[in-house]
Every structure is written in structure tokens, then in C-alpha cells.
Amino acid sequence: MSEVFDYRGTEDFSTGGFRFPNPKDSSLLLPLGHHVDVYFPPPKRSRVSAPFVVSGEQKQKSSIEVLPDECLFEVFRRLPGGQERSACACVSKRWLMLLSCIRRDELYTDKITQLGEPEKRSNPKKEDTCSESEQKGGYIDSNEIKAEAEEEDQETEANGYISRSLEGKKATDVRLAAIAVGTGSRGGLGKLSIRGTISIRGVTNLGLKAIARGCPSLRALSLWNISSIDDEGLFEIANGCRLLEKLDLCRCSTITDKSLVAIAKSCPNLTSVTIESCLNIGNESLQALGCFCPNLKSIAVKNCRLVGDQGIANMFSSAGRVLTKVKLQALNISDVSLAVIGYYGHEVTDLALTGLQNVNERGFWAMGNGQGLQKLKSFVVTACRGVSDVGLESMGKGCPNLKQTCLRKCPLLSDKGLASFAKTAGSLVSLQLEECHRITQFGFFGILGNSRKLKALVVENCLGIRDTDFEFPCMSLCNSLRYLTIRNCPGFGNASLAIVGRLCPKLLHLNLVGLQGITDEGLLPLVQNSEDGFTKVNLSGCVNLTDSVVSAIVKMHGSTLELLNLDGCRHITDASLVEIADDCLLLSELDVSGCGITDSGIAALAGAVHLILQILSLSGCSSVSDKSLASLGILGQTLVGLNIQHCHGISLGTVDLLVERLWSCDILA
């Protein structure tokens, strides 16, 4: 710092003695009389003392601290490089905040001097740059500023710019100022995320002002749960960060339409905007985003009470030909908005609608008949009471390229509408149903019988599906289905499972979770009818299965099986592990938590030379004891994950030995 200001300590101030090479130079002598000559050097500015009291003692400010902010600002913007600016930022909070107020185009360069162009001066206001502690006369330790400048959460992304994330106590104006100063000489800050704040040292508009002035290359900004930032802070971002591409605002209650409109007008490169639980943002913001952001590809609006049909309609009428991903949740919109989306959403590929309580059957019908969603590929609906048989069938007809559909909590959807949708949506490859309780066994098999390209089917928590004695008519095989998941559907039993086995011979992934009603009798036909061989089988929570079905799975699919999950199958014993050790060639993940496994079964696994397990879970196997130490050591040569939680037969000493020996394996104990 002394080199920057050409000041080397107290030696620069006269302490007596001659400071010039020729002390008798007549120009340095002032006559006091006709017979007396006194040596008097050129007067130098005396050190100014500015005493203040700290703990009863007086301290003096250095001469550089006496300079007003305007002078320091001019000095700082003439510093030759980023390293020097970072060094100055370590002196005090005052210097740091001053440095953070300097825009990149305000930095003084030799080129400007050579061209003889006038300098652009922008004197900062003192009240904007001084922090609260500085106004009280406090200084900051240099180590703290260095810690701020060398942010722990820094990461360099693939495209080369710096990313920072601040949470909790780290989210302060001082930290943001340090980021603005420190990243300027290293390519510039590209992504900033601020989550939460505290009342005393939280982020305010001053912190965002520092980012806006020091980080013009900022491309992504995320603000979460920050009530101390209002429109003033976002105005600074709009003026200084014109390359902004992604903006996320969540629970920012003091931000209004004014600042978001300013960002829309100043940042034409915006491609993604998320607005969640911002109570003062409404239709005007959406209209501005549609009008002034020609590159807007993704928009998500959640729980904003001021957003209505007008905002959605204006946005889609302006940006309907560029928007590709749309997510609307808990908004006060009606059927009108869905009709507009169906008419103007020409480029929309992903559409998610959640909790739209004012949307009725007519809205979904109009959206499908609008013929604008020709490119729609993914459609997700959650807790929308307006989803009915008529509306869903209309969506199937109006969206010829629809490939993925997820329907959650749709109480009006029945078997008839689901079968019609499966028939009309000719490109459908993935369907997920969750908590659709009007869907029964007929609707489930109606999907399999009418879908020509369906590859993945997931059914979760659908209480209406129950086994019946009704004999289903002959249906064509669903040879396209590869992935089947049935989770927590208590009525799904052996009869339904046997029919699945006849209709779906090409299954590769089978997930039957929490189906307490199925037994070996129902699962064996499905296992035996599989033609291509299972690669992943998850039977967790199927408490009535025994070693017989595991033996059948291993013997018929052991050459292709990669994952086997038997968590909670209490009737599974060591006999299954012996079969697995003998016949499974590619198995890499095995979960036998809560099964009747003993040390003998673990020894059988360890004796299989061809078995290369990577993940093994024995949680809750109380019969496994310290005797398995050697076997686990052998298995540990290939393991990367081992779960022995709640294995009460394994002592703490054995656990310590395993941790020591299996240093490359993550052990949960």
C-alpha cells in the first residue's frame, strides 16, 4: 500500500536534520535579521490528527484516511490492475465499499491519457458507500476482507465464468462488495445465488449495487427469501448487468412490477425467469417480459396473487413463438389463460400446471382444441380439479407429439378418459399416475391395451385399483413397455400381476413397492413370461415373498440382472444369497435390509469369485454378527457403499476395523 501512495512511513516527515543535498542553498534560508540566517525547508502538510475514543484510549487516523471519498475514488480508479485493487480492499470496509462502487468503464487507463480524452467522473455519495460500522469510526481486519475476497463457495463452470452462492450469515453487503472487487480481474462473476439473510448484516440494495457496478458480465441471478432488497437494488442490476440471462426471485416481498419491468427492458438476453411467492409482482411484469425479451425460453410463475388472466394472455400473445418451457402454480387464472396457451403456445415443449383451482373442464378442453400445442412433449398436471375425461381426451388429440404425461391428484379422471387418452395420444412413451383414486383395474389395463409406443408406466397411491374376478377380454400385447412401477397400491394383487405378465413380455425394469398383497403365486408368471431378461428388480416392502421367487428371478435373469432390492422381505433367507452368489454375473447393487440374513449368507456372497458388488445394504439384519468381518473385508475389495445400520450383532470395534480396512468404501453404521 505504501508503494501505491508513495508513502513509506514516518521517514517522509521531517524529524529534524537536513533533508536536502545542499543545506546552504540560499533559496532555503529565510532571513530573520541582519545577522541571523535560519534553515527552513519547504513546508509539508502536517499529519492531521483525528482522535476518537475506543475503550478509553485515543487513536489517530492515518493521513490517507483524512481524504474525502471523492479523492479516494479518483485514486482507486487509477490503480493499475485487479491485484492492486484487491490489496486496497483489504484495508477497511470504507475502502472496500468505495472500490465496489467503481464501474469498469470508470477505471482510468493509459489509453485514455494518450488519446487526450476527458475523464468521466462519477463521484459516489458518501452516504451510499460507508457501511454502518464505518460511520461509527470502526475498521475491519484485513484477514476478514481477504476471506470475503477469496470466497469459499467459488466454482468455475464449464463456460469459464465464476459462480458464487451465499447463504445465511455469509449473505452480507460486505461479502457482495468483496465478490464484486475480487472477481473483476478473473473473468468476472457470471452466476450469483443469495439464499436467506439475517436482520443485522443482511444483504441490502447497497450489496446489489456493488454487484451491478463491478460485475457487468453477470448472467444468472437468484434471490431467495430476501425482504431487505427492493426495487432500488434491481434497478441497479438492470442498469449494470445487461447481459443477464437467468433471473430467479423467490419470496422477495418488497420487489414490485417497476423493477422487473426495468430488467425486462434493459436485459434483452433473458432466457429464463422464475417468480415465486412475490406478492407485489403481477400482470405488468409478465407483459413486459413478453414484449421486451425476444429470447425468453422458460417462464415459471408460482403463488403470485396479483398474476391473472391478463398477464398470462399478454405474455403468450407476445412471446408464444419463443417460449418452450412454462410452469404455472397456484395462480388466480381461469379457463381463459389455458385457452390462450392452447392457441399461442406454438413452441411450448414442456407445460406444468399445479394447483389451478379456478380452472375447469372447459379450460383443458379449449387448450387441447386450440391446435397451438403441436410441439408439446411433456405435460404435468397436479391438483387441478378441472382435469376430466373430456379435457384429457382433447389434450391427447390436440398434442400429436406428446411423449410424457404426469397426472397427480386428479379426482375427476376416470377409466374411460384414461383409456381414450392412451388411444389418442399416439406418441405417448411415458405415463405417471399418482393419487388418481377413480382409476380402477379396468383403466390400468386400458392403458396397456391402447398404447402403441408406451415404454414406461408409473402408478402410485391409486387406491381405486383392486383385484376383481372379472375376466378381461383378449387384448393385444404391450410389447413396447420396458419400465413398470407400481407403488403403494394396496389393492393391486396376484390377479392383476398375472395379467401384466401376459401382456408385457418385454419388461426390463420392474418396481413393485409396498404391495403387501402379492405372493410368489402372482409374481412367478410375470418372471417366467419375461423374454428379454430383467436388469433391475425392486420388490421392497413386498413382505409375503419367499426364497422361491428370488430363486426363479436369479435362475432366469441372473445373466442380465444388475440391481436387486429385497428391502423388508422378511421371509428371504440365506438360501436366496446362495442362489445369487451362484447365478448372478452382473449384479452390482444388492439390498437385503430387514431380511432373515445371517453370517452364512454373507460368507456365500464373499465366496463368489465372479460377483462384483458395488453397493450392499444389510440394514436391520440383526442376525449378522462380528463373524462376517472377514467376508465383508473380501466383498469390500469392490464395494463403494456398505450399509450396516441397525445390525445389532456387529460391535463398534468391528465397525472401526471395517472403516480402517475399507478406506475406499462409504460405510453407514
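What share of the 669 residues of the chain count as buried? The figure is 49%. Buried here means under 20% relative accessible area, with a 1.4 Å probe and protein chains only; exposed means over 50%, and partly exposed lies in between.

A word on the source. This is a predicted model, where local features need pLDDT of at least 70, side-chain atom pairs count only at pLDDT 80 or more, and totals for chains, interfaces and linings use all residues. Residues are numbered from 1 along each chain as its sequence is written, and side-chain values use heavy atoms, with hydrogens and water left out.

Now the overall build. The chain has 26 helices and 25 strands. These are DSSP runs, numbered from the N terminus: helices are H or I with at least four residues, strands are E with at least two.

Take α9, residues 173-183: 11 of its 11 residues are buried. Among them are Asp173, Arg175 and Gly182.

Then α12, residues 257-266. Here 8 of the 10 residues are buried, so the rest of the structure largely encloses this helix. The buried ones include Asp257, Leu260 and Ile263. What covers them? The cover includes helices α11 (231-240) and α13 (283-292), plus strands β9 (246-250) and β10 (272-276).

Last, the cysteines. The structure holds 0 disulfides, a disulfide being a pair of cysteine sulfur atoms within 2.5 Å. For cysteine 267, the nearest cysteine sulfur belongs to cysteine 241, 7.4 Å away. Cysteine 267 counts as buried because its relative accessibility is 0%. Cysteine 399 also counts as buried, at 1%.

Definitions and conventions. Contact = heavy atoms within 4.5 Å.
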